[in-house]
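The following paragraphs lead through one structure, from the whole chain to single residues. Please keep the sequence and the model in view while reading.

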Amino acid sequence: MKKTAHYIRQLKPVQWLRRIRGFKLVYTPLIAIVLFTVVMGVIMGTLQLQEKSQQEAALFRELSFAKQRIQLRFANNTDVLQSIGRDYLGAGDSAKLKENVIIQAENLLQSNHEIAQIVWINETYQRQWKIPPDNLKTDWFNKVNNAGAINQALRKTLELSAATNRPAFSQFISLEVPNDEVISKEIRNVFWQAVPQISGTEIKGMVAVLYTTQGLLEMIPGELKGQYRFTLITDDDKVLAISSDKNTPKRAFSNQTSLDIGVLSPNLSLRIDTYPPPTNLTFRMLIGVVLGLSAFVIWSLWSVLKQMQVRQEAEANLRAETNFRSAMENSTPVGIRAHDMNKTITYVNPAFCEMTGWSAQELIGLSPPFAFWPEDQKGELTEKMNQALKLALNQDKKIGVEGSILHRNGSIIQTRTFISPLINEKGKQTGWVTSLIDISEPKKIREELAASQERFVTVLEGLDAAVSVVSNETSELLFANRFYRERFGSSAKGHFDLAGSDSKQNTIQALAEGAPPSSLYQETESEEIQLLDESTGTTKWYEVRRRFVPWVDGHLAQLLIATDITIRIEAEDLARQQEERMQFSSRLTTMGEMASSLAHELNQPLAAISNYCMGVAKRLQTHLDPVMQKDILPALEKASEQAHRAGTIIQRIKGFVKRSEPQRKSCDITEIINDAVGLVEIEAHRHRLSISTEIADNLPTVDVDPVLILQVLVNLLKNSLDSMREVYPLSSRWSAPPVRISADLDTSIFPAMLRIQVTDTGAGIAETVIERMFEPFFSTKNDGMGMGLNICRSVIESHQGRLWAKNQMDAEHTKLSGCTFTILLPLEPTSSMANG
């Protein structure tokens, strides 16, 4: 705005007059036409608004008339229904009078098409009669899909009328009627009206009337429905009835009013829409002619104005283009010269003059070989120029020709020359235009870059790490050093294996998460990747670092450096395993010390308990009667025996921890199994479980430590009981299968061995647990130490035997149904045992 105002102030009086006169000539008719069009538009708009207001007033009158008609009909119907009810109650036991009342109701039904059914309800809410008894409408009312909704709505209406002692209406009921039925539209939506008959303060009966919403529109005169479309709608714009399926135009007038058909009636609205009026052809033609002529005049003046503006703009653009080209030619560092068809120089720009050290007057008119060419290259440069001129006519893509220019001060400038034919406005070639670029410095830089790149590639080739670059768009391997090629070949597969995923997906995901593009160039944290070396079949570990870099072509690429850390990983794994072994050894040593200390501390109390029990038993033998001795003495003897047994167990554990051999002796395995069952059976009965034994006959004696073997069997039986308790709830344990312990000879191996099996029907053991359950300090119980099964296996192995577990499957082999622990013990001592 400031520039425009300054420009206007600088105009001379003559220029002002010219501009004002041009303004009058061009814009005065345009303003007149615009004013005429505006006035005509205002007049036509006023007429249109006046016609619209008249139509809306007429529409409101017709809507009010239809509303009054419907409300008056409902008021009359209510009065007639109350009269029918009074007459029916007044008829008493007279059948003739009641028949007259029913005939009166039938007349009401026939004269009012909106009524579909009239029902008399007595004071006990029982239907005594209804009209019409049966017809096409009532058949649909009695359908299973519709009867429930109709009866429920009637019951609610009767309750509302009884509670308020006044006529009440139900909500609208949508019936399921196929569209191809003749009366589907007529009975699609219905509602009830209940009119109570009150005698004193009591309701003696009710007249219930079933209305159809489509019938309500029958109360409107036909001539109104021919001019307007009436619609009954609810508060949520659900259409209940419509007078015609004919669509109204988009600009049709409409009005809507609430329809009050009773005090306790549902919310209902009556909508009226106009049909399109007859077309006033003469008036519309007149408007069209006026508008068309006005538009034509305006278009004509506007075309002239636009042509003048286009011409002035073209002149201004031409001047600006000429000035721009001159400024560009004078400011560009590219040397430009023009030749005629005889190759004589006809134009040079300042940059070319500066490049040669010659003035424009000296250069214009020269012909090849030019004076600014080096003396020893004139023949070569002349030949190159002739070939370039020939190629310039046949090639769309311009290819530069390298050459040299001798500056007037004697310096040599390396150039690249581009040649294009010079075409005049008639499409005829009149000469050539050549552009020269000084490439002395870029050429020197390229040579230095090539040397630097060679040194850089030499360093990369000597690295003991895989370096690779992959295109993010084409997934093509752009660079790989010697270490990469030796390990992964010349494909990009090794790069993607090390990266873990496709680089393009990483980029898309990072940008989708809102990361700025600059964040892609940041180096990621190093990752340790394990890959299989296909050539050697061994596993290699690599430390991988990645980042995105812009490649030489400007596209995004991923740089990856992978260092072989297999030796370091193996050393770390070996150190970690040694540390774990040291921890296990330390814990086992600590546990052995604890067991030895406990054995020492508990031996004396247990020996005292045993002595006290035996002393009490001897003294009681001389003072108690035989009956009392029979009850008390065995208990004391058993207590003493168990205390002695506990001391023996502790001594065995102490000896076992000290890695001493078991104290073996020839034993009957049946007695050991029975003792173990006897010890665990009390706990089994407490949890409503049982134990069964299956011992083969004539089993030979075995050379074992009975106390340690007994402890192993007790531990396995307790574990089986715990597994059963987890599967079977307390209420159903009496029916649970027993835990089974069996003993027989395994003759499938040589020499035969004694086999003891403990089997339960619990949940079994997970495969991951079976692999580790014999490890020390591994336990699946919250309060377990993880030493039970480890000690059991150690005890069995110290007897030169074996202990393992195997899950049992159900009959369908679909799920686990229990577990079996198997013990194998040699029948005869081995050589190591015999020597011990």
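**The chain as a whole**

Of the 836 residues in the chain, 34% are buried; buried means under 20% relative accessible area, exposed means over 50%, and partly exposed lies in between (1.4 Å probe, protein chains only). The model is a predicted one, in which local features need pLDDT of at least 70 and side-chain atom pairs count only at pLDDT 80 or more, while totals for chains, interfaces and linings use all residues. Residues are numbered from 1 along each chain as its sequence is written, and side-chain values use heavy atoms, with hydrogens and water left out.

The chain has 22 helices and 27 strands. Helices (H or I, at least four residues) and strands (E, at least two) are DSSP runs numbered from the N terminus. Among contacts between residues at least 6 apart in sequence, 58% join residues at least 24 apart, where contact means heavy atoms within 4.5 Å.

**Aromatic rings and a buried threonine**

The count of aromatic pairs comes to 14. Rings of Phe, Tyr and Trp (its six-membered ring) pair if their centres lie within 6.5 Å; planes under 30 degrees apart count as stacked, over 60 as edge-to-face and the rest as tilted. One of these pairs, phenylalanine 169 with phenylalanine 191, is tilted, with 6.2 Å from centre to centre and 40 degrees between the planes. The pair links distant parts of the chain, since phenylalanine 169 is in strand S3 (residues 168-169) and phenylalanine 191 is in strand S5 (residues 189-199), 22 residues apart. Phenylalanine 169 counts as buried because its relative accessible area is 6%, and phenylalanine 191 is buried at 0%. Ring pairs also link Phe74, Phe169, Phe172, Phe191 and Tyr211 into a cluster.

Threonine 157, in helix H5 (residues 144-164), touches Ala168, Phe169, Ser170, Trp192 and Ala194, not counting residues up to four places away in sequence. Its relative accessibility is 2%, so threonine 157 counts as buried.

In the loop between H5 and S3 lies asparagine 165. Its phi is near 60 degrees, a positive value in a residue other than glycine. Is asparagine 165 buried, exposed or partly exposed? Asparagine 165 is partly exposed, because its relative accessible area is 40%.

**Backbone exceptions**

Most residues other than glycine have a negative phi, and most peptide bonds are trans. Asparagine 698 has a positive phi, near 60 degrees, and is found in the loop between strand S22 (691-695) and strand S23 (702-704). Asparagine 698 has 78% relative accessibility and therefore counts as exposed.

Isoleucine 131 and proline 132 are joined by a cis peptide bond, with omega about -10 degrees. Proline 132 sits in the loop between strand S2 (127-131) and helix H4 (136-141). The bond from phenylalanine 750 to proline 751 is cis as well, with omega near -5 degrees. The loop that holds proline 751 runs between strand S24 (739-746) and strand S25 (753-760).

Two packed helices are described by the angle between their axes and the distance between the axes. Helix H19 (residues 706-727) and helix H21 (residues 788-798) pack at about 145 degrees, with axes 10 Å apart. Axes are lines fitted to C-alpha atoms, for helices over the stretch in contact, and angles run from 0 to 180 degrees between N-to-C directions.

Which residues of H19 and H21 meet? From H19 come Leu708, Ile709, Val712, Asn715, Leu716 and Asn719, and from H21 come Gly788, Leu789, Cys792, Val795 and Ile796. The residues of this contact divide into 8 nonpolar, 3 polar and no charged; Ala, Val, Leu, Ile, Met, Phe, Trp, Tyr, Cys and Pro count as nonpolar, Asp, Glu, Lys and Arg as charged, and the others, Gly among them, as polar.

Arginine 802 lies in strand S26 (residues 802-809). Arginine 802 touches Ile796, Thr822, Ile823 and Leu824, not counting residues up to four places away in sequence. The C-alpha atoms of arginine 802 and isoleucine 823 are separated by 5.7 Å, although these residues are 21 apart along the chain.

Cysteine 792 counts as buried because its relative accessibility is 3%, and cysteine 819 is buried at 2%. The count of disulfides comes to 0, a disulfide being a pair of cysteine sulfur atoms within 2.5 Å.
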